[in-house]
Amino acid sequence: MSKINIDNISRLTLANLPTPIQRLERLSEEWGVDLWIKRDDYTGIETSGNKIRKLEYTIAKALSEEAGVVITCGGIQSNHCRSTAAVAARVGIKSHLVLRIDEEPPLEGNYLLDKILGAEVSFISRSDYSERRNEIMKEIADSYEAKGIKAYVIPEGASDGVGNLGYIQAVREIKKQEKELGVEFDTIVSAVGSGGTYSGLYLGTKLFAPEKTVYSFNVCDDEEYFLNVCSQIATDTVKALGAEIEVKKDDMHIIDGYKGIGYAISRDEELEFIAEVAKKEGVILDPVYTGKAFYGLCNEIKKGNFSKSKRILFIHTGGHFGVFPKQEQFAKLLVVSSDL
Ligand SMILES: *Cc1c(COP(=O)(O)O)cnc(C)c1O
């Protein structure tokens, strides 16, 4: 194994780690696989989900540069933005979120929490978001700097060569837990949205667990897009670490076909699936990421595409607050109370 200096890179302790690993007893039986789940939805309350693993590195870097404000971006219901707002408040600096909207949004879910957590919010249109979000964040950073406040810009999802390190470390955490549990996972599965989690898991397994293969289901864009994004992020990380790893798109596995009708939009069958998993296992998946990825995994298992996997570990990357903005759609699908 090549020597790398990951342990010398500064990191804050923000997440509740290690997150538990649990066996999904009934679904394993029903789907005919040995299926386990890693509860990265338990990394915190305000900071729940996968972004906090990345932010342990990102915020450490921002503080080392004496930032008084962190600026980041995402969709209106961004888990990453909510985690960033929470962490900024926790370390005593400001947060400024650039949120993508189509129309004036209701104050609910993650956006409500952003406001409760004291984040400054700027709204931008879908087209500005895709074409010039980084430029817009830079302009906001300049306006803080003009007031004498140092600003640190975090890219979408904290998915860069810095945040990525959080999921390299998660692989080491899994290795340690395997020893304690007396089991080994040959397959790791997650959702992919901005690429940092996948590229971290990819590099982590290359470095520390080459026996494992990582698969991700995309919840937006397509396979080619994510192969490009993830290999770029992984390449940046490899450079920063000075590691001797060859990043190859051929051994990255993005499974396309389950984003449904679009990012953050749910088909009824996806919400029904979330309710079914909740009822059988007591685990709540989110509609935007984990619900779609796990629905994809279920379908691919049924098609026989994971028949070579001996033991599968699905990473629950969080997103619970995203359930609440779907209450109307859920209400139509669930049988609501009966008379006694
Ligand atoms: C952001 C997010 C993901 C995707 O992770 P990326 O690193 O952005 O690809 C998955 N699940 C949840 C709940 C998220 O908030």
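With a relative accessible area of 64%, E66 counts as exposed, where exposed means over 50%, buried under 20% and partly exposed in between, with a 1.4 Å probe and protein chains only. E66 sits in the loop between helix 2 (51–64) and strand 3 (69–75), and its phi is near 60°, a positive value in a residue other than glycine. Helices (H or I, at least four residues) and strands (E, at least two) are DSSP runs, numbered from the N terminus.

The model is predicted, so that local features need pLDDT of at least 70 and side-chain atom pairs count only at pLDDT 80 or more, while totals for chains, interfaces and linings use all residues. Residues are numbered from 1 along each chain as its sequence is written, and side-chain values use heavy atoms, with hydrogens and water left out.

**Backbone features**

A158 also has a positive phi in a residue other than glycine, near 50°, and its place is in the loop between strand 6 (151–153) and helix 6. At 0% relative accessibility, A158 counts as buried. In the segment before strand 1 lies P18, and the peptide bond that leads from L17 to P18 is cis, with omega near -5°.

**The chain as a whole**

The chain has 11 helices and 10 strands. Its radius of gyration is 20 Å, close to the 20 Å that the globule rule gives for 340 residues, so the chain is as compact as a globular protein of that length; the radius is taken over C-alpha atoms, and the rule is 2.2 Å times the number of residues to the power 0.38. Along the principal axes, the C-alpha atoms fill a box of roughly 60 × 60 × 35 Å. Of the 340 residues, 54% count as buried.

**Salt bridges**

Side chains of opposite charge can pair when their charged atoms come close. A search of the whole structure finds 26 salt bridges, each defined as a side-chain nitrogen of Lys or Arg within 4 Å of a carboxyl oxygen of Asp or Glu. Among them are the pairs in this table.

| Pair | N to O distance |
|---|---|
| R172 and D7 | 3.0 Å |
| R132 and E139 | 3.5 Å |
| K175 and E211 | 2.9 Å |

R172 forms a salt bridge with D7; R172 lies in helix 6 (residues 165–181) and D7 in the segment before strand 1 (21–23), so the pair ties together parts that are 165 residues apart in sequence. R172 is partly exposed at 28% relative accessibility, whereas D7 is exposed at 55%. In the pair of R132 and E139, R132 is partly exposed at 27%, and E139 is partly exposed at 44%.

K175 pairs with E211; K175 lies in helix 6 and E211 in the loop between helix 7 (196–208) and strand 8, so parts that are 36 residues apart in sequence are tied together. K175 is partly exposed at 26%, and E211 is partly exposed at 36%. Salt bridges that share partners also join R23, E25, D34 and R311 into one network.

**A charged patch**

D221, D222, E223, E224 and D256 gather in a patch of negative charge on the surface. Patches are made of residues with over 30% relative accessible area and no salt bridge, with like charges joined within 9 Å. D222 lies in the loop between strand 8 (213–218) and helix 8 (223–241), and at 34% relative accessibility D222 counts as partly exposed.

Conventions. Patch = residues over 30% accessible without salt bridge, like charges linked within 9 Å, V, L, I, M, F, W, Y side chains within 5 Å. Areas by Shrake-Rupley, 256 points an atom, 1.4 Å probe, with all protein chains shown as cover. Lys, Arg positive; Asp, Glu negative; His and termini not counted. Charge placed at Lys NZ, Arg CZ, Asp CG, Glu CD.
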